[in-house]
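Colleague: I have a model open and want to learn how to read it. Can we go feature by feature?

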Amino acid sequence: MNSKVHQGHRARKRFGQNFLHDKNVIDSIVAAINPKKDQTLVEIGPGLGALTEPVAELVDTLNVVELDKDLAERLESHPFIRHKLNITQADAMRFDFTTLLEGDNKLRVFGNLPYNISTPLMFHLFSFAGKVQDMHFMLQKEVVKRLAAGPNSKAYGRLTVMAQYYCKVIPIIEVPPGAFKPAPKVDSAVVRLEPYQELPYPAKSIKLLNQVCTQAFNQRRKTLRNSLKKSFTEEQLSELGIDGNLRPENVTIEQYVLLANWLFDNPISDTETA
């Protein structure tokens with residue numbers, strides 16, 4: 001179908017490509033990013049350059065990471081901005097973003113993320129949080145709701161806990177489907193993630209924090225007493241000041257870190273899990 005062809009490039013379903021074309025939305029996103037010449041900017045999935053072009057005009061160098069070979073080559077021959085682009089054709093989910101660091105600069109990362117990989121990609125980026133100043137992402141509106149959710153809400157989950165462990169989450173603008181070609185079947189939104197200089201609740205092991213959240217939220221209708229029974233007895237939860245009758249969405253990030261740190265100090269082999 002011709003609606004899938006945009007500027008001579010056919011959107012590829014396997015890459016989850018939806019190309020941004022609404023100028024007002026683009027201007028709002030660039031204003032939110034507010035790029036400066038002396039910063040190290042990184043765009044993930046530049047696509048047809050809707051954000052790449054206006055951002056590149058404001059800086060001397062723009063790093064871009066693009067998986068699609070055709071789109072990477074298109075940018076390499078861009079008539080106006082190719083001399084400003086440092087293009088890496090790679091899978092962002094496996095890319096070592098520290099290779100783009102320059103001097104004392106932290107990375108400023110942005111992108112219209114493919115919806116099918118946005119969550120695992122953010123988890124990958126969180127591992128570089130100490131090297132990142134901020135991140136601006138276009139995501140499914142539902143994902144932004146989950147990122148920004150507070151306890152006691154249906155949207156609160158593992159993604160919420162892990163994102164807010166590392167970052168302050170600030171929703172910026174909502175974006176209708178018509179701003180893209182082809183138009184997705186869902187609403188979108190732009191979010192700003194600002195990694196903390198100092199973590200509010202440091203975990204002794206991110207792996208264990210992830211494990212506790214996964215165990216809890218994989219059975220989110222169950223009480224903690226049941227969903228975490230492989231790791232904690234009800235008495236142990238009580239000793240930590242956590243009510244075993246709570247459901248996963250009623251537990252704060254501080255409490256999840258407390259649980260993970262207790263597991264770190266009391267390896268599971270030493271724990272009775274009746």
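Modeller: Start with the elements. Helices (H or I, at least four residues) and strands (E, at least two) are DSSP runs, numbered from the N terminus. Over residues 25–197 the chain is 29% helix and 28% strand. The end C-alpha atoms of that stretch are 30 Å apart. This is a predicted model: local features need pLDDT of at least 70, side-chain atom pairs count only at pLDDT 80 or more, and totals for chains, interfaces and linings use all residues. Residues are numbered from 1 along each chain as its sequence is written, and side-chain values use heavy atoms, with hydrogens and water left out.

Colleague: Which feature does UniProt place at residues 25–197?

Modeller: UniProt positions are given in the numbering used here, feature names are shortened, and annotations may be inferred rather than shown by experiment. The unreviewed UniProt entry has "domain: Ribosomal RNA adenine methylase transferase N-terminal" there.

Colleague: How do I read the sheet? What is the order of its strands?

Modeller: Strands of a sheet pair through backbone hydrogen bonds, either parallel or antiparallel. Two strands count as paired if DSSP finds at least two bridges between them. Here seven strands form an open sheet in the order 6-5-4-7-8-11-9, with mixed pairing. Strand 6 and strand 9 (167–175) are the edges, each pairing on one side only. From one strand to the next, the twist averages 20 degrees.

Colleague: What packs on the sheet?

Modeller: Two terms come first. Contact means heavy atoms within 4.5 Å. Axes are lines fitted to C-alpha atoms, for helices over the stretch in contact, and angles run from 0 to 180 degrees between N-to-C directions. Helix 1 (residues 23–33) packs on the sheet and touches strands 4, 7, 8, 9 and 11. Its direction makes about 160 degrees with that of strand 9. Helix 4 (residues 118–126) also packs on the sheet, and its direction makes about 175 degrees with that of strand 8.

Colleague: Take strand 5. Is it mostly covered or open?

Modeller: Buried means under 20% relative accessible area, exposed over 50%, partly exposed in between (1.4 Å probe, protein chains only). Strand 5 (residues 62–66) is mostly covered, with five of its five residues buried. Leu62, Val64 and Glu66 lie on one side, Asn63 and Val65 on the other.

Colleague: How many bridges join strand 4 to strand 5?

Modeller: Four, and strand 4 (residues 40–44) runs parallel to strand 5. Valine 42 has asparagine 63 as its bridge partner. A crossover is right-handed if, with the strands pointing away from the viewer, the path from the first strand over the helix to the second runs clockwise. The path from strand 4 through helix 2 (residues 52–58) to strand 5 is a right-handed β-α-β crossover. Strand 5 also pairs with strand 6 (residues 85–89), parallel, over five bridges. Leucine 62 stands opposite leucine 85 there. Strand 5, helix 3 (residues 69–76) and strand 6 make a right-handed β-α-β unit.

Colleague: Which residues does UniProt list for "binding site"?

Modeller: The unreviewed entry lists Asn18, Leu20, Gly45, Glu66, Asp91 and Asn112. Glutamate 66 is found in strand 5. Its relative accessible area is 5%, so glutamate 66 is buried. Leaving aside neighbours within four places in sequence, glutamate 66 has contacts including Gly45, Leu71 and Thr88.

Colleague: At what angle do helix 6 and helix 10 pack?

Modeller: Helix 6 (residues 158–166) and helix 10 (residues 253–265) pack at about 90 degrees, with axes 10 Å apart. Residues that meet there include Thr160 and Tyr165 in helix 6, and Ile253 and Tyr256 in helix 10.
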